[in-house]
Amino acid sequence: MCNFLNMDNISKKATQKRKKISSSSTSSAEPSPVAKMATRKQTMIDQAQQFTTIMDRLDSLFKSEDFSNAVSTIVETVVDKLLQSFTKSIEKVNERVAELEGGLHEAKLDNEKMKTELKLLKNQMEIMNLSNATFKNDINYALQKANENEQYSRLDSIRIHGVDETHGEDCKDKVCDILRKNLKLSIKPNDINKIHRVAQRASKPTRPNPIIVKFFAHAHKRACILNRTKLKGSGIVITEDLTQVNYSVLNRAYKHELIESAWSTEGKLFVKIKDGPKFRLQPYEDLNAAISRAMKRSPPMTGANSVPLGPREQK
């Protein structure tokens, strides 16, 4: 520090000397160019000497032990502060990493728990689906059996449509007269077990109510079905006495665009595909699926007028 003060004093003295020379030259006459050149040269020599002196003193300063110690102290201080800051940053990073690792571990545990719960739910859903499918199958089976039993109870019955209705009529005599005159069948009133008219819906008020006829002998029912084509043109139609389910399925099949004809034989439903095979239609199966399946199989079927023996006669 003292060296720097000495350098400042030297600089100040040189400046004062130049000022004296300048003031003395100003008071006298204007110097000649040679004198100006000499003055400048001397000034440059002085400045060079001053610079050399400053450089020498700086060199001695840098080489001094005090300067080295001061620089070392400053560097050590800066390095220590940097290390402390870096250490704190590393600690914060480690803490954050630990937090993230803990959160990740918890997330993994939650994920495993959710996977386990999801697997349990999936198993429960599969069990429920199986139970539901079994339940549906059981219901369909029960409905099918109920429909079969109801249709079996109508095995000896027919429905006669288009018979004029009169007040106080005797349905047995009227039906026996139609069967005798039109079908040439010798069926007597005591061959009929039960007979009555069925009320139709209000949408068909002008048509006479159909008559349900149940015979004691299944052969009488078969005879009526085999000879019913003789009623063509009379306005009277004889059909099998079908359950509501079978009647709805047969009617839906008859209206299908791919079906050429639909009929029933002994309570069983049959259809004929246009330019395709005949097949038996189950009441509770999908019609389109049944048509597709029949087109693949094309099995031989019994004709419409070929009525097989009923269960009672097969015994």
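**Surface patch and salt bridges**

Me: Which helix gives the most to the nonpolar patch?
Reply: Helices (H or I, at least four residues) and strands (E, at least two) are DSSP runs, numbered from the N terminus. With 5 residues, the top giver is helix 3 (residues 65-153).

Me: What kind of model is this?
Reply: Residues are numbered from 1 along each chain as its sequence is written, and side-chain values use heavy atoms, without hydrogens and water. Local features need pLDDT of at least 70, side-chain atom pairs count only at pLDDT 80 or more, and totals for chains, interfaces and linings use all residues, as the model is predicted.

Me: Is F62 buried, partly exposed or exposed?
Reply: F62 lies in helix 2 (residues 33-62). Buried means under 20% relative accessible area, exposed over 50%, with partly exposed in between (1.4 Å probe, protein chains only). F62 has 48% relative accessibility, so it counts as partly exposed.

Me: How many residues apart are D241 and R154?
Reply: Their side chains meet in a salt bridge (3.4 Å, N to O), that is, a side-chain nitrogen of Lys or Arg within 4 Å of a carboxyl oxygen of Asp or Glu. D241 sits in the loop between strand 4 (237-240) and helix 6 (244-254), R154 in the loop between helix 3 and strand 1 (157-161). The pair links distant parts of the chain, with a separation in residues of 87.

Me: Which residues form one network with D241?
Reply: D241 and R154 are both buried. Through salt bridges that share partners, D241 is joined to E150, R154 and R159.
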